[in-house]
Amino acid sequence: GILMTDRLLTRVAVVGAGAVGAYFGGRLAQSGLAVHFIARGATLATLRKDGLRVDSPRGDILIGPDALRVTDDPCSVGEVDAVLVAVKVQWMQQIF
């Protein structure tokens with residue numbers, strides 16, 4: 001986990017698995033955190049089918065579909081230590 005002040009960060013929800021959410025969520029997952037991606041539509045279907053792949057000059061990220069935690073239901077994730085919101089501004093009202 002990652003130490004955040006006086007608390008160990010171990011579970012993270014990533015809302016939005018586009019370029020930003022996939023990159024940072026993938027990096028957090030690579031570090032050993034339990035990362036739960038919350039996605040919808042075609043992104044959700046692709047992640048469930050193919051998993052997460054990010055090609056990066058700093059090292060690629062590949063998380064297979066069986067290891068990837070992805071859902072369209074935020075309530076199913078349960079309690080998390082942090083939430084990374086990575087959606088376009090026009091979708092913010094639907095989230096909050």
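## Basis of the model

Helices (H or I, at least four residues) and strands (E, at least two) are DSSP runs, numbered from the N terminus. The model is predicted: local features need pLDDT of at least 70, side-chain atom pairs count only at pLDDT 80 or more, and totals for chains, interfaces and linings use all residues. Residues are numbered from 1 along each chain as its sequence is written, and side-chain values use heavy atoms, with hydrogens and water left out.

## Strand β3 and its partners

Strand β3 is mostly covered, with four of its five residues buried (buried means under 20% relative accessible area, exposed over 50%, partly exposed in between, with a 1.4 Å probe and protein chains only). β3 pairs with β4 in the parallel sense over five bridges; two strands pair if DSSP finds at least two bridges between them. In this pairing R11 stands opposite A34 in β4.

β3 also pairs with strand β8 (residues 82-85), again in the parallel sense, over four bridges. Here A13 stands opposite V83 in β8. Together, β3, helix α1 (residues 19-30) and β4 make a right-handed β-α-β unit. A crossover is right-handed if, with the strands pointing away from the viewer, the path from the first strand over the helix to the second runs clockwise.

## The nonpolar core

The largest nonpolar core has 17 residues, of which F37, L47, L52, L68 and V70 touch the most other members. Such a core is a set of buried Ala, Val, Leu, Ile, Met, Phe, Trp, Tyr and Cys residues joined through side-chain atoms within 4.5 Å. At least two residues of this core come from each of β3 (11-15), β4 (34-38), α2 (41-50), β5 (52-54) and β6 (61-63).

Leaving aside residues up to four places away in sequence, F37 touches V14, A17, G21, A22, G25, G26, L52, L68, R69, V70 and T71. Contact means heavy atoms within 4.5 Å.

## H36 in strand β4

H36 lies in strand β4 and counts as buried because its relative accessibility is 12%. Its side chain makes a polar contact with the side chain of R11 (3.2 Å). A polar contact is a pair of N or O atoms within 3.5 Å; within protein, one must be able to donate a hydrogen and the other to accept it, and residues adjacent in sequence count only if both atoms are side-chain atoms. Not counting residues up to four places away in sequence, H36 touches R11, V12, A13, V14, R69 and V77.

## R58 in the loop

R58 is placed in the loop between β5 and β6. R58 counts as exposed because its relative accessibility is 74%. Beyond residues up to four places away in sequence, R58 touches Y23 and R27.
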